[in-house]
Amino acid sequence: MRILLVEDEKRIASFIERGLKEKKFVVDIAGDGEQGLYLAEINPYDAIILDLVLPGEDGLEICKKLRKQNILTPILMLTARGEVRDRVMGLNAGADDYLAKPFSFEELIARLRALLRRQQPQKTNHLKVADLELNMLNHEVQRAGNPITLTSKEYMILECLMLHANQVVTRTMLSEHVWQENFQTFTNVIDVYIRYLRSKIDEGHPNKMIQTLRGSGYMLKG
Ligand code: CA
């Protein structure tokens with residue numbers, strides 16, 4: 001799950017970012033509305049957390065512009081104001097939910113998850129390739145019905161492989177999905193994670209799903 005966070009206050013942005021990353025979300029941060037709009041136009045996000053008070057155009061304007069461009073990603077609006085009027089304005093501008101500051105991280109994550117469930121009934125949150133299953137909402141993974149415990153990096157690599165099952169997944173795709181950057185130096189790191197993942201996913205199963213394609217990347221074969 002990839003989240004866009006539009007928040008100019010660095011302290012709050014890093015607090016939310018840390019928490020979301022712990023929960024295995026991929027997070028992009030925009031420090032103002034303009035950058036937020038740009039990122040939302042070029043990337044497919046599962047949800048947007050949008051602060052109301054931003055330098056330049058505020059959250060309401062950004063929200064309206066996104067909806068006008070037919071970007072229907074669920075939006076959770078953050079604001080210091082708890083007024084009913086602001087809440088109504090936010091919802092009228094196209095936000096899906098609203099959270100007044102200060103809030104606890106637990107409340108934010110609960111609202112976010114509710115939004116992801118509610119807004120995307122048509123979008124599957126459950127990936128299944130052969131007997132390997134992954135739930136994108138609670139990050140549970142099982143093979144042949146047996147639960148598998150993964151670290152957050154292993155989980156994100158597997159999610160990327162499963163989203164592109166039976167296709168070539170390059171190291172660049174993995175490094176962008178998991179580290180949000182494309183560093184050639186990650187090559188060795190990725191190989192190490194693939195090895196961990198392989199031992200957790202494939203060991204004890206005659207059908208080895210994680211394949212290494214020499215020179216091009218990896219493939220999860222169903
Ligand atoms: Ca702000």
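How much area do domain 1 and domain 2 bury between them, and what share of it is on carbon and sulfur atoms?

The model is predicted, so local features need pLDDT of at least 70 and side-chain atom pairs count only at pLDDT 80 or more, whereas totals for chains, interfaces and linings use all residues. Residues are numbered from 1 along each chain as its sequence is written, and side-chain values use heavy atoms, with hydrogens and water left out.

**View 1. Protein donors of the calcium ion.** Donors are N, O and S atoms within 2.8 Å of the metal (3.2 Å for Na, K and Ca); water is not among the atoms, so sites may look incomplete. Along the chain, the donors follow the spacing D-E-x41-D-x1-V. Asp 8, in the loop between strand E1 (2–6) and helix H1 (10–22), and Asp 51, in strand E3 (residues 47–51), are 43 residues apart and link distant parts of the chain. Helices (H or I, at least four residues) and strands (E, at least two) are DSSP runs, numbered from the N terminus.

**View 2. Accessibility of Asp 8 and Asp 51.** Asp 8 counts as partly exposed because its relative accessibility is 29%. Asp 51, at 2%, counts as buried. Buried means under 20% relative accessible area, exposed over 50%, and partly exposed in between (1.4 Å probe, protein chains only).

**View 3. The open sheet of 5 strands.** The strand order is E2-E1-E3-E4-E5, with parallel pairing; two strands pair if DSSP finds at least two bridges between them. Strand E2 (26–30) and strand E5 (97–100) stand at the edges with a single partner strand each, so one side of each has no neighbour in the sheet. E1 and E2 pair in the parallel sense over 5 bridges, and Val 6 stands opposite Ala 30 in E2.

**View 4. The boundary between domain 1 and domain 2.** The protein is divided into domain 1 (2–119) and domain 2 (126–220), with bounds from an automatic or database domain assignment. Contact (heavy atoms within 4.5 Å) joins 9 residues of domain 1 to 9 residues of domain 2. The two domains bury about 790 Å² between them, 61% of it on carbon and sulfur atoms. Buried area is the accessible area (1.4 Å probe) that two parts lose on being put together, summed over both. In domain 1, Lys 24, Val 26 and Arg 113 lose the most area to domain 2, together 65% of what that side buries.
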